[in-house]
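Here is a short tour of a model for you to follow with the viewer open. Keep the sequence at hand as you read.

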Amino acid sequence: MLKKITLILVAAVLPLFAMAQTVKLGYINSQEVMMMMPEVNNVEKELAEFNEKNMKYLQEMESEIQNKYAKYEQEKDGLTEAIRKVQEEELMNMQQRLQTTYQALQQEAQKKQMELLKPLQDKLMTAIETVSKKQGLTMVYDMVSGAILYKSEAAIDITPAVKKELGIL
């Protein structure tokens, strides 16, 4: 009887050990790999040129505001109240346009960066998938972001089972 129970337990548990042995996890520092890709130098150069052009434009706007303010400061004592008010409002509008332009250029720079990095990220993801399949990995985690960069078809989503266990279907 004891032999039968042992045999049944071994038969039931053995497949679990076999399944556990087939799960292989990998991890990667995607940022390190990305920074070592030769194409990154071209992206950095293009972004630097893009940002330099934008900074030059912002500096010109700021210089214009400073010159107008300096002129206003020199002349304000001789101006009527109405003209002073108009020029002050004009200066405030110029300052506001500068801030709005700065924010818009920042967003544009982020968009440009994402646009330039997309082909590199795609290339990296393709390499990760290729290596993962060759090495028979079930999942690959990114050490930098904590994201799952690859999951094989063998990976199982247990969300429905957990919901059922919690009674929140």
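## The largest pocket

The largest pocket has a volume of about 320 Å³. A pocket here is an open set of points, on a 1 Å grid over the protein atoms alone, where a 1.4 Å probe fits, with protein on both sides within 12 Å along at least five of seven lines; lining residues have an atom within 4 Å of a point. Grid points are joined across faces, edges and corners, and the volume is the space filled by probe spheres set on them. Ser30, Gln31, Met34, Leu117 and Gln121 are the closest to the centre among the 15 lining residues.

Which helices supply the lining of the largest pocket? At least two residues each come from α2 (30-36), α3 (39-75) and α4, and α4 gives the largest share, five residues. By type, the lining has nine nonpolar, four polar and two charged residues. (Ala, Val, Leu, Ile, Met, Phe, Trp, Tyr, Cys and Pro count as nonpolar, Asp, Glu, Lys and Arg as charged, and the others, Gly among them, as polar.)

## About the model

This is a predicted model, in which local features need pLDDT of at least 70 and side-chain atom pairs count only at pLDDT 80 or more, while totals for chains, interfaces and linings use all residues. Residues are numbered from 1 along each chain as its sequence is written, and side-chain values use heavy atoms, leaving out hydrogens and water.

## Fold and helix α4

The chain has five helices and three strands, in the order α-β-α-α-α-β-β-α from the N terminus. Helices (H or I, at least four residues) and strands (E, at least two) are DSSP runs, numbered from the N terminus.

Helix α4 covers residues 81-134, and its 54 residues should span 80 Å at 1.5 Å a residue; the end C-alpha atoms are 78 Å apart, which agrees. The expected span is 1.5 Å times one less than the number of residues. At leucine 117, α4 bends by about 35°, with proline 119 following within four residues; the bend is the angle between axes fitted to the seven residues ending there and the seven starting there. After α4 comes glycine 136, with a positive phi near 65°.

## A tyrosine pair

How many aromatic pairs does a search of the whole structure find? The search finds one: tyrosine 69 and tyrosine 72, tilted, at 6.4 Å centre to centre and 40° between the planes. (Rings of Phe, Tyr and Trp, its six-membered ring, pair if their centres lie within 6.5 Å; planes under 30 degrees apart are stacked, over 60 edge-to-face, the rest tilted.) Tyrosine 69 and tyrosine 72 are about one helical turn apart because they are three residues apart in helix α3.

Tyrosine 69 is partly exposed at 43% relative accessibility, whereas tyrosine 72 is buried at 6%. Buried means under 20% relative accessible area, exposed over 50%, partly exposed in between (1.4 Å probe, protein chains only).
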